[in-house]
Amino acid sequence: MDLNYSDEELAFRDEVRKFLDEELPKSLSDKVLTGKRLTRDDMQGWHDILNNRGWLADGWPEEYGGTGWNAVQKQIFEDESCAAGAPRIIPFGLKMLAPVLIKYGSDAQKDYYLPRILDGSDWWCQGYSEPGAGSDLASLKTRAVRDGDHYVVNGQKTWTTLGQYANKIFCLVRTSTEGKPQEGISFLLIDMDTPGITVRPIILLEGTHEVNEVFFDDVRVPVENLIGEENKGWTYAKYLLTHERTNIANVGANKVALAHLRHIAKLQKIREKPLIEDPYFAQRLAQIEMDLDAMSTTNLRLLSSPDSVANAGPMSSMLKIKGTEIRQAINDLTRRALGPYAMPFVSEALDAGYNQEPIGPDYAAPVAADYFNNRKITIYGGSNEIQRGIISKMMMGL
Amino acid sequence: MDFTLTEDRAMLKDMVARFVADNYPLEKRHEIAESTDGFSREMWAQFAELGLIGALFSEEDGGFGGAGFDISVLFEELGRGLVVEPFLASAILAGGVISQLGDDEQKSALADIIAGGRLAAFAHGEPDGRYDLSAVKTTCSKGEDRWTLNGNKAVVLNADTADLLVVTARSSGDAWDEDGVCAFLIPADTDGVEIRGYPTIDGLRASEISLNNVKVPDSALLGAEGKAYPAVEMAIARANVALCAESIGLMEVCRDITLEYLKTRKQFGVPIGKFQALQHRMATVLTEIEQARSAVINAAGRLTLDRIDREKAVSTAKTLCGQIGRLVAEEAIQMHGGIAMTWEYSLPHFAKRLIMIDHQFGDVDYHMARYIELSAAQAA
């Protein structure tokens with residue numbers, strides 16, 4: 001047991017800091033740290049900078065262009081990137097599809113798609129959920145019917161995050177209605193510009209366009225776009241959901257959000273004194289600090305443990321549950337820290353370049369919107385109730 | 001960073017686990033706890049022979065460990081067996097203060113403590129002091145070459161069987177000052193020391209002690225006059241790491257017993273573990289235990305840091321272990337139902353100890369407040 005960074009780990013941290021100092025554009029980190037909305041170019045720009053440095057694919061095997069970092073190095077990179085105000089890496093191609101391609105894709109698929117994920121040629125989005133298939137994902141109904149060298153796809157996907165920017169979508173489709181629902185699902189890669197695809201925005205409760213509905217109307221998809229075997233898609237889908245675990249607890253981002261909350265709590269006043277000195281508030285803040293401090297160690301411990309591979313499913317479920325609970329607690333307390341100034345909401349104030357006088361404190365604008373937006377995190381990626389079900393089955397055999 | 005145990009500690013863990021599993025079944029534990037001494041001298045001698053008391057002391061003091069992770073590894077396994085022998089009282093608390101403050105003569109007692117031949121207890125807490133470390137109203141006044149002690153000590157672990165007492169008393173300052181706290185190492189049978197022993201609800205032994213004009217020689221003073229507080233704080237920090245680690249062992253036993261029950265107990269024609277209402281609560285229990293374990297690792301590893309960082313880590317661990325310990329104990333009882341209300345069943349004895357750990361050296365509220373104070377001091 002040693003909680004200190006080794007000399008090599010410290011040297012790595014310095015290297016990461018130097019890189020961020022030199023390569024992360026200030027205009028971008030300012031946006032991130034002040035809670036402004038990011039454009040497609042902002043996100044793609046950071047993706048390209050990381051790719052040029054060879055630091056984009058921290059979860060891939062080295063032979064495909066991965067970084068070869070261990071769990072501690074990944075966490076150092078994450079902590080430093082978040083602290084410096086780097087945008088989050090767009091995960092759909094890099095962290096979700098790529099592990100499936102690497103494990104189950106054909107050589108031709110790997111050779112074609114993996115480089116395109118790295119160099120940004122493709123922006124992927126995820127076609128999993130449907131209006132009638134949320135937590136019960138296996139009940140999905142979008143049909144793919146074989147017709148010669150093509151599948152003909154009909155149906156509807158929903159909650160497609162950043163689908164408005166994507167040129168590709170990976171989809172779970174029903175290729176059989178026999179047997180258990182899980183046994184008739186296939187995993188298809190589809191071009192978004194194929195005739196018959198329509199993307200419609202879904203505006204979220206705080207007014208942003210983050211997710212979409214995607215409609216498929218007789219969409220013809222070449223059979224070579226099938227991953228692995230027909231009707232085995234459920235296996236690949238589950239692999240995708242459990243594989244990318246490094247970041248599932250979002251420890252780095254949570255540390256930054258907590259530091260921001262502390263900062264706000266020192267500036268806000270209650271009866272002429274800093275809010276942070278109010279006993280009720282201080283207790284809530286202390287509870288979150290304690291939870292996150294333990295979480296940081298839980299995260300590294302579980303990810304670096306030898307049985308983390310065998311227990312990937314339930315362990316990532318634990319990290320997801322606790323990480324999202326802590327994040328929502330931070331969002332909740334940050335909202336309450338603002339008092340009445342949580343209410344004003346001038347949507348344009350969240351766009352870069354807005355130069356009017358802020359209403360109330362200059363840090364107030366994104367806070368309530370972030371709180372509402374982050375109610376999603378205990379719902380998406382398998383709701384926390386689904387995660388508890390996974391722990392019950394896989395870890396406890398209940 | 002490295003989250004694996006060193007080879008030595010892995011061996012220590014295995015050895016204790018095996019010894020406890022083979023020699024300390026619950027029936028035996030009840031028998032020992034209900035005996036006059038409240039622990040087994042024979043068992044204590046065997047623990048000493050295995051080197052388990054020595055594992056809590058540095059080589060300098062004649063042991064072969066003494067670091068935070070030695071404490072946490074040992075106490076987690078002791079927790080699993082509900083071991084009642086006085087590791088905490090004699091080695092961590094009294095031994096810890098002697099080790100920090102004792103002169104060569106006083107430290108010679110450590111050899112006997114490590115060998116198990118002599119027992120020591122730490123008489124510090126007072127009847128209306130709750131958990132505050134500086135709440136010492138017991139007085140000590142200096143005569144020519146003797147001190148006179150007067151006051152009362154509360155819920156002192158294993159004092160009724162101790163050969164030696166480490167007693168704190170105040171030579172100056174107000175009741176809550178850190179400065180002015182003295183520590184004395186005295187024989188437990190010194191005139192004027194009255195010890196009233198009693199059992200605790202979780203199977204341990206504690207005592208109320210009254211000190212009535214207790215005369216002790218100058219040579220009994222541990223360290224400099226009025227300067228014992230930092231050593232008391234450090235000994236209690238180590239005690240809290242021990243208690244938190246013990247609680248991890250207890251939590252995991254409660255978890256395992258409950259899990260087994262969920263799989264075997266049938267109601268409505270199915271094992272009750274088939275019910276989602278129970279599955280989700282059990283998943284929460286598992287997840288939270290991992291958090292408690294992380295907090296204990298953090299505290300054990302940070303014992304060597306500067307005072308504020310050390311004490312914040314200890315208060316974090318004691319708060320989280322208190323909260324999660326209560327969750328685990330109460331959920332385990334509730335999910336079992338009536339059987340968990342019986343003396344005969346194993347679970348409630350682990351649950352009782354788990355809950356009572358919150359009452360030793362600071363509960364959740366105390367450590368939350370302490371953490372906030374330390375954070376404010378750090379920010380200032």
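**Exercise 1.** Determine how far apart the C-alpha centres of domain 1 of chain B and domain 2 of chain B lie, and describe the side of domain 1 that touches domain 2.

*Solution.*
Step 1. In this predicted model, local features need pLDDT of at least 70 and side-chain atom pairs count only at pLDDT 80 or more, while totals for chains, interfaces and linings use all residues. Residues are numbered from 1 along each chain as its sequence is written, and chains are lettered from A and ligands numbered from 1 in the order in which they are written.
Step 2. Domain 1 of chain B covers 7–115 and domain 2 covers 120–226, with bounds from an automatic or database domain assignment.
Step 3. Their C-alpha centres are separated by 23 Å.
Step 4. Domain 1 of chain B contributes 20 residues to the contact and domain 2 of chain B contributes 17; contact requires C-beta atoms, placed from the backbone, within 7 Å.
Step 5. On the domain 1 side, α5 (87–101) and α6 (104–115) of chain B each give two or more residues. Helices are DSSP runs (H or I, at least four residues), numbered from the N terminus. The most, 9 residues, comes from α5(B).

**Exercise 2.** Identify which element supplies the largest share of the side of chain B that touches chain A, and classify the residues of that side.

*Solution.*
Step 1. The contact involves 30 residues of chain B and 31 of chain A.
Step 2. At least two residues each come from α7 (229–264), α8 (276–301), α9 (307–336) and α11 (364–379) of chain B.
Step 3. The largest share belongs to α8(B), with 14 residues.
Step 4. By class, this side of chain B holds 15 nonpolar, 12 polar and 3 charged residues. Ala, Val, Leu, Ile, Met, Phe, Trp, Tyr, Cys and Pro count as nonpolar, Asp, Glu, Lys and Arg as charged, and the others, including Gly, as polar.

Conventions. Contact = placed C-beta atoms within 7 Å.
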